Amino acid sequence: MLSDSPAIVLNMMLWCVPFAAYFLGIVIRKVALPGKSSPPLRNQLLLGIPFSLIVVSPLLVVFRESGTEPAAYLVTIGIIIEHGMIVTETATRQLQTLIGNTAATPPVATRKQRSAAAAAA
């Protein structure tokens with residue numbers, strides 16, 4: 001049976017648990033400590049996909065280096081949960097602000113429009 005293989009269990013712990021911990025951090029933040037202008041949970045979870053790849057992937061090296069040390073594993077999982085709580089909401093809010101600011105920015109005039117304006121002046 002597949003679950004009898006220690007390599008499969010180890011790979012599941014190495015690859016799935018850290019990413020699940022990141023998304024758990026997002027949910028904990030949204031449910032337990034929502035901000036005043038907290039983005040919707042759906043947006044945070046969707047934007048959490050690329051953010052989790054950025055945040056969790058470098059920490060996977062710690063798992064490989066720590067081997068079977070449970071304390072190092074649990075501390076790293078705690079750090080990943082904390083990053084999920086803080087990074088995603090902050091980055092989502094910053095992206096919403098950036099998108100809102102670019103919508104208010106006037107478009108850049110083309111060369112033809114500048115020539116027409118210069119000729120009219």
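**View 1. Arg-29, Glu-89 and Arg-93 are joined in a salt-bridge network.** A salt bridge here means a side-chain nitrogen of Lys or Arg within 4 Å of a carboxyl oxygen of Asp or Glu. This is a predicted model, in which local features need pLDDT of at least 70 and side-chain atom pairs count only at pLDDT 80 or more, while totals for chains, interfaces and linings use all residues. Residues are numbered from 1 along each chain as its sequence is written, and side-chain values use heavy atoms, with hydrogens and water left out. By the salt-bridge rule, the count comes to 2.

**View 2. Here is the pair formed by Arg-29 and Glu-89.** Their side chains meet in a salt bridge at 2.8 Å, N to O. The pair links distant parts of the chain, with Arg-29 in helix H1 and Glu-89 in helix H3, 60 residues apart. Helices are DSSP runs (H or I, at least four residues), numbered from the N terminus. Glu-89 is buried at a relative accessible area of 1%, whereas Arg-29 is partly exposed at 24%. For these labels, buried means under 20% relative accessible area, exposed over 50%, and partly exposed in between (1.4 Å probe, protein chains only).

**View 3. Glu-89 also forms a salt bridge with Arg-93.** The closest N and O atoms of this pair are 2.7 Å apart. Glu-89 and Arg-93 are separated by about one helical turn, because they sit 4 residues apart in helix H3. Arg-93 counts as partly exposed, with 29% relative accessibility.

**View 4. Take a look at the largest nonpolar core, which has 16 residues.** Such a core is a set of buried Ala, Val, Leu, Ile, Met, Phe, Trp, Tyr and Cys residues joined through side-chain atoms within 4.5 Å. The members that touch the most other members are Ala-21, Tyr-22, Val-56, Leu-60, Phe-63, Ile-77 and Ile-80. Helices H1 (6–32), H2 (41–66) and H3 (70–104) each give two or more residues to this core. The largest share, 6 residues, comes from H2. Not counting residues up to four places away in sequence, Ile-80 is in contact (heavy atoms within 4.5 Å) with Pro-18, Ala-21, Tyr-22, Val-56, Leu-59 and Phe-63.

**View 5. Thr-88 is a buried residue in helix H3.** Its relative accessibility is 0%. Leaving aside residues up to four places away in sequence, Thr-88 touches Tyr-22, Ile-26, Gln-44, Gly-48, Phe-51 and His-83.

**View 6. Tyr-73 is found in helix H3.** Tyr-73 counts as buried, with a relative accessible area of 16%. Setting aside residues up to four places away in sequence, Tyr-73 touches Met-13, Val-17 and Phe-63. Leu-60 and Tyr-73 are 13 residues apart in sequence, and their C-alpha atoms are 10.0 Å apart in space.

**View 7. Finally, Val-9, Met-13 and Val-17 form a nonpolar patch on the surface.** Together they have about 200 Å² of accessible area, computed by the Shrake-Rupley method with a 1.4 Å probe, where only the protein chains shown count as cover for residues. Members of a nonpolar patch have over 30% relative accessible area and no salt bridge, with side chains (Val, Leu, Ile, Met, Phe, Trp, Tyr) joined within 5 Å. Val-9 belongs to helix H1 and is partly exposed, at a relative accessible area of 40%.

Definitions and conventions. Patches are made of residues with over 30% relative accessible area and no salt bridge: like charges are joined within 9 Å, nonpolar side chains (Val, Leu, Ile, Met, Phe, Trp, Tyr) within 5 Å.
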